[in-house]
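User: I would like a close look at one helix of this model and at what surrounds that helix. Please take me through the packing step by step.

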Amino acid sequence: MTQPSPSTKDTPSAASAADFDWRAAGLRYFAYNFFLRRKFGHRVQRVSVDAGFTCPNVDGTVTTGGCTFCDNRSFSPSRRLPGRSIGEQIDEGIRRMQARYRCEHFMAYFQPATNTYAPVERLRDVYEQALAHPRIIGLAVGTRPDCLPDDVLDLLTKLARRTYLSVEYGMQTMHDRSLDWMNRGHRHEAFVDAMQRSRGRGFDIGAHLIVGLPGESREDVLASARELVRWEVDAVKIHNLYAVRNTRLADQLQRGEVRLLERDEYLDTLIAILERLPPRVVVERISGDAPREYFVAPAWCLDKVAVRAALEAELCRRDTWQGKCYSPDQSPGPGVPSWRGTP
């Protein structure tokens, strides 16, 4: 197995299944920490950065009120520290990470709100501020698929030539009825359009998937997972639907209009998703939670260590792993040419 050289700001590299033999390392799925360590040659932690952006379903561009489940303060530590510069946020994030982990290398993660939703000049400025920090070796940018105009994609393409860059698209689900329920403000066709225009630009593409949306069956969730396979995403973030305070979801839960999944239900669907993912897809997240001061339910997802241990135990009990039910002829789908690498 070829050992990849540690990446630097001047030598971005792309993942390949041959470079990351996670099964030989005794793993049951392609875990994000394993990917980063093998890619860069050392441990890398993400540091959350808040550039002060909003979202088009918050400011009234497409709708108002934000997503049904969303309070950005609960998702991101940086959103809970307003008024600090990009550099100050990175310094604080590094201090927080080093209190928990032995780590000297960090990636700036533009996490809360929609981090491509601004004029390209402003985006360039905040990204460059992060890259100027001496401890930052790459960028991760979270965004919506309907907020990627061509000039922004061109900027991301240029950044990817200089540094490692991943861009996370909040697909959440492929089902328009569920996107309407969550007040998303766009349909699934926006994700398809984003993927078509993002391919071959040199940055890794991740996608978010929510399990447990009201009205979605297990097969509905697996259909969304197959859609991610069809579009050959590089990474996925999978998490259960959970409720935080001061959201419409919390109100719906209190009124008994919504039922959240129990842990065993969630793990059963999560394993089915993992079994159908290609072995090359990095699994960045396997559950979701929020700080206790914001959190409402379900209580089980607050214990991430227990969730991870339960997943590992169940994978072992079933003797299964990521990709066990995957067949290469599943991807790409009709009309979706392979896009590995830059044309």
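Analyst: In this predicted model, the place to begin is helix α5, whose buried residues pack against α4, β3 (136-143), β4 (164-172) and α7 (188-198). The buried residues in question are Val152, Leu153, Leu155, Leu156, Thr157, Leu159 and Ala160.

Helix α4 covers residues 120-131 and helix α5 covers residues 150-160. Two packed helices are described by the angle between their axes and the distance between the axes. For α4 and α5 the angle is about 20°, and the axes lie 10 Å apart. Angles under 35 degrees count as roughly parallel, so α4 is roughly parallel to α5. The crossing of α4 past α5 is right-handed.

Which residues make this contact? On the α4 side they are Val120, Leu123, Arg124, Tyr127, Glu128 and Leu131, and on the α5 side Asp151, Val152, Leu155, Leu156 and Leu159. Sorted by class, the contact of α4 with α5 has 8 nonpolar and 3 charged residues, and no polar ones.

Leaving aside residues up to four places away in sequence, Tyr127 touches Phe110, Asn115, Thr116, Leu139, Val141, Leu155, Leu156 and Leu159. Leu155, Leu156 and Leu159 are also on the list of buried residues of α5.

The next step is the nonpolar core. The largest one has 80 residues, and Phe110, Tyr127, Leu156 and Tyr169 touch the most other members. The element that gives the most to this core is α10, with 7 residues. Another core, of 15 residues, lies apart from the largest one; among its members are Tyr32, Phe35, Phe40 and Tyr164.

Helix α10 (residues 263-276) packs with helix α11 (residues 304-318) at an angle of about 60°, with the axes 10 Å apart. That angle makes α10 oblique to α11. The crossing of α10 past α11 is right-handed. From α10 the contact takes in Arg263, Leu267, Asp268, Leu270, Ile271 and Leu274, and from α11 it takes in Ala306, Val307, Ala310, Leu311, Glu314, Leu315 and Arg318. By class, 9 residues of the contact of α10 with α11 are nonpolar and 4 are charged, with no polar residues.

Key
Residues are numbered from 1 along each chain as its sequence is written. This is a predicted model: local features need pLDDT of at least 70, side-chain atom pairs count only at pLDDT 80 or more; totals for chains, interfaces and linings use all residues. Side-chain values use heavy atoms; hydrogens and water are left out. Axes are lines fitted to C-alpha atoms, for helices over the stretch in contact, and angles run from 0 to 180 degrees between N-to-C directions. Helices (H or I, at least four residues) and strands (E, at least two) are DSSP runs, numbered from the N terminus. Angles under 35 degrees count as roughly parallel, over 145 as roughly antiparallel, 65 to 115 as roughly perpendicular and the rest as oblique. A crossing is left-handed if the near helix is turned anticlockwise from the far one by less than a right angle, and right-handed if clockwise. Contact means heavy atoms within 4.5 Å. Ala, Val, Leu, Ile, Met, Phe, Trp, Tyr, Cys and Pro count as nonpolar, Asp, Glu, Lys and Arg as charged, and the others, Gly among them, as polar. A nonpolar core is a set of buried Ala, Val, Leu, Ile, Met, Phe, Trp, Tyr and Cys residues joined through side-chain atoms within 4.5 Å. Buried means under 20% relative accessible area, exposed over 50%, partly exposed in between (1.4 Å probe, protein chains only).
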